[in-house]
2 protein chains.
Amino acid sequence: MRDVCVIGLGLIGGSLLRAAAASGRTVWGATVSEVDADAASRGGYDVTTDAEAALQRAASADAIVVIAVPLPAVENLLRQVAQHASHCLLTDVVSVKGPMLDAVRRRAPYTRYVGGHPMAGTSRSGWLAGDTMLFRDAAWVVGVEEETDLTAWAEVTRLVLDVGAHAVPLPADSHDETVARISHLPHLFAAILASVGAQGGPLAMSLAAGSFRDGTRVAGSSPDLVRAMTEGNRDALLPIVDDALGRLGAARGSLASTGGLAATINAGHEGALALEATRDAARSGVRIDLTAADAREGLVALGERGGRITGLDGAVALGEVS
Amino acid sequence: MRDVCVIGLGLIGGSLLRAAAASGRTVWGATVSEVDADAASRGGYDVTTDAEAALQRAASADAIVVIAVPLPAVENLLRQVAQHASHCLLTDVVSVKGPMLDAVRRRAPYTRYVGGHPMAGTSRSGWLAGDTMLFRDAAWVVGVEEETDLTAWAEVTRLVLDVGAHAVPLPADSHDETVARISHLPHLFAAILASVGAQGGPLAMSLAAGSFRDGTRVAGSSPDLVRAMTEGNRDALLPIVDDALGRLGAARGSLASTGGLAATINAGHEGALALEATRDAARSGVRIDLTAADAREGLVALGERGGRITGLDGAVALGEVS
């Protein structure tokens, strides 16, 4: 099992460092936060504030390098990767994949890069918010592009499986469109709900119950992190926001004219049932030989149908799809 | 302690019947659902499908009558109340108060009516979803209008306190504007998020994690109940939807032009912090003498500042406000 070097030790990077160590790998990391570095060191982890030293060690050990910093810090870090660990297997946990892929192509073209994004989180951030079990049964997108080396892909997937997650093979554009839909729009909606609620003053806050608390929970997340992920996914997010605006405008029009909200509410209910059905759907096993000529197409087709890779047997990816 | 007759035994009515019984009151109820009536009877409750018989018993016992049916069924039930229990103390748990007040004024003008609305619920419905503890520490709006008899108000508040909730004294218009903000808009947003998410097919459902699940949770509620409450609150809901549309449109414009979402996300974060601060705020005790000339104004002022009545000491309401 390859060693793991994690740069950035917030909620996701810190959880990954812990979980990879728990799976038996040799791990080390770096963070610009002295507070987080101290806390991680006190927890017994091999952590520094010197990213260059951590990357040099990764180069010597031929470790996997994991970029776990927010998107705005990525370009600068990639320069360091290109300088100190340009031949390492490189992955990341950044929440947008198209801009990440562009940056890697621009800044660190010699690395073997496979993008990643774990669909897990809480509204807290920083090393102390991390949790060895954060990724348990979570979907973790592992990028498949035309140029992806499937041996490298399998190595990143092995790490993802080792920390308890399932790998979802996807190209960057599918990923970005989907997270705009199921993560970035929900964050925008939570922010708007919280603003409209707060406008109602202490009375609104006093009456706020389940629907408001659920709907605004992620508005408690770090605004910098939410900005980084939503603004970083601008191209994919705009058409999704337009879709939502159109639906909200239609609801408004219908309420004002006929007084009815049936179309909006029934469509939402059907969506909620579809989510539940997906969760409960029977799944069948699929084997994808990573050495086959059509392996890349097979992986992407599985990911786009909502399937997941749950195991690796040599060069065969073991998947589940409903 | 006055007996309690609950008409409508879904999640809220059924929980109220259980909780009022647990507090030592004599309770009975009626529901049009034979399934719910059977289940309640098997649970040892005195329940019928004959609302008229239940109301006749309420008239004999001079019980409090609680209307716990959805708004579209209210008019018809009020005709029965006017016919069989016109002098009973009347309250309700319907989620809009202006339309409810209008209906009572039109259909049952001889009753002593004090509107009510518990801010509690789950996305499930029906008798079996009910829970004796559902109202524990919940806010329960108890209506204060110009014509409200404060002796009747205190009796309804006593019932509210007996089932574990806190009473929030408010006029119907304040209530309706506030619930549009913190309950009806969140339900609309959840429906739209669920629709946009489902549009992404199995892939979107497979990647959906915390923010989407939280943001769409109430889209799983019964569409008929959600329609009844949102459509029933049309006048108060329209300006709130317009506010939300304006904010979402502004976010869209900013993302498209400058690429920035700071204003939206920061405002949302401040709203989330305000909610947390309200929850954690130090509260001081207030005593309102219900026989005083300005008692009505004192109650409403307390409710509109986010305060709650947590006890009754004879004709003195014991409140808390931050």
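In which helix of chain B is Thr157(B) found? Thr157(B) belongs to helix α6 (residues 150-162). The model is predicted, with local features requiring pLDDT of at least 70 and side-chain atom pairs pLDDT 80 or more, whereas totals for chains, interfaces and linings use all residues. Residues are numbered from 1 along each chain as its sequence is written, chains are lettered from A in the order in which they are written, and side-chain values use heavy atoms, without hydrogens or water.

View 1. Thr157(B) is buried, at 0% relative accessible area (buried, under 20%; exposed, over 50%; partly exposed, in between; 1.4 Å probe, protein chains only). Beyond its neighbours within four places in sequence, Thr157(B) contacts Val142(B), Ala167(B), Ile309(B) and Leu312(B) (contact, heavy atoms within 4.5 Å).

**View 2. Salt bridge between Asp214(A) and Arg217(B).** The closest N and O atoms are 3.1 Å apart (salt bridge, a side-chain nitrogen of Lys or Arg within 4 Å of a carboxyl oxygen of Asp or Glu). Because Asp214(A) lies in helix α9 (residues 210-216) of chain A and Arg217(B) in the loop between α9 (210-216) and α10 (223-232) of chain B, the pair joins two chains (helices, DSSP runs of H or I, at least four residues; strands, E, at least two). Asp214(A) is partly exposed at 22% relative accessibility.

**View 3. Salt bridge between Arg57(B) and Asp46(B).** Their closest N and O atoms are 2.6 Å apart. Arg57(B) lies in helix α3 (residues 51-61) of chain B and Asp46(B) in the loop between α2 (34-42) and β3 (47-48), so the pair ties together parts eleven residues apart in sequence.
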